[in-house]
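Please read the model below alongside its sequence. The explanation moves from the overall fold to individual side chains.

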Amino acid sequence: MTETIIEKRARLLGPNFSTFYKNPVHIVRGEGVWLWDNDGKKYLDCYSQFASQPLGWKHPSLIKAQAEM
């Protein structure tokens, strides 16, 4: 599973995207400033800057913008 995630991220994000982890977290859900991995473990999202902004992961304007992409 770990190798598949790393390969997929490399393919989708391109060669200029750097990572800093040995074993990636497989995030499957986000709500507000919280993320959950595939094992149900909860994480505070401080990496994507949503934690410092009022939007969060389920804000209607964010969902609308994603749907319009």
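What follows covers the fold, the strand pairing, the charged and aromatic side chains, and the surface.

This is a predicted model, in which local features need pLDDT of at least 70 and side-chain atom pairs count only at pLDDT 80 or more, while totals for chains, interfaces and linings use all residues. Residues are numbered from 1 along each chain as its sequence is written, and side-chain values use heavy atoms, with hydrogens and water left out.

The protein has 2 helices and 3 strands; these are DSSP runs numbered from the N terminus, helices being H or I of at least four residues and strands E of at least two. Along the sequence they follow the pattern α-β-β-β-α. Of the 69 residues, 13% count as buried, where buried means under 20% relative accessible area, exposed over 50% and partly exposed in between, with a 1.4 Å probe and protein chains only.

The strands can be taken in order. Strand β1 (residues 27-31) runs antiparallel to strand β2 (residues 34-37), and 4 bridges join them; two strands pair if DSSP finds at least two bridges between them. Across this pairing, R29 stands opposite W36 and E31 stands opposite W34. The hairpin of β1 and β2 has 2 residues between the strands, and G32 there takes a positive phi near 60°. Strand β2 also pairs with strand β3 (residues 42-44), again in the antiparallel sense, over 3 bridges. Here the bridge partner of W36 is K42. In the hairpin of β2 and β3, with 4 residues between the strands, G40 has a positive phi near 90°.

What lies over the face of W36? It is R29, at 3.8 Å from the ring centre. A charge sits over a ring if NZ of Lys or CZ of Arg is within 6 Å of the ring centre and within 35 degrees of the ring normal. K42 lies over the face of W34, at 4.3 Å from the ring centre. Aromatic pairs come to 0; rings of Phe, Tyr and Trp (its six-membered ring) would pair with centres within 6.5 Å, as stacked with planes under 30 degrees apart, edge-to-face over 60 and tilted for the rest.

R29 also forms a salt bridge with E31 (3.3 Å, N to O), a salt bridge being a side-chain nitrogen of Lys or Arg within 4 Å of a carboxyl oxygen of Asp or Glu. E31 counts as partly exposed because its relative accessible area is 36%, and R29 is partly exposed at 40%. The whole structure holds 2 salt bridges. E68 and K64 form one of them, with their closest N and O atoms 3.3 Å apart, and both residues are exposed.

L12, L13 and F17 form a nonpolar patch with about 300 Å² of accessible area together. L13 is in helix α1 (residues 2-13) and is partly exposed, because its relative accessibility is 44%. Patches are made of residues with over 30% relative accessible area and no salt bridge, joined within 9 Å for like charges and within 5 Å for nonpolar side chains (Val, Leu, Ile, Met, Phe, Trp, Tyr). Accessible areas come from the Shrake-Rupley method with a 1.4 Å probe, and for residues only the protein chains shown count as cover.
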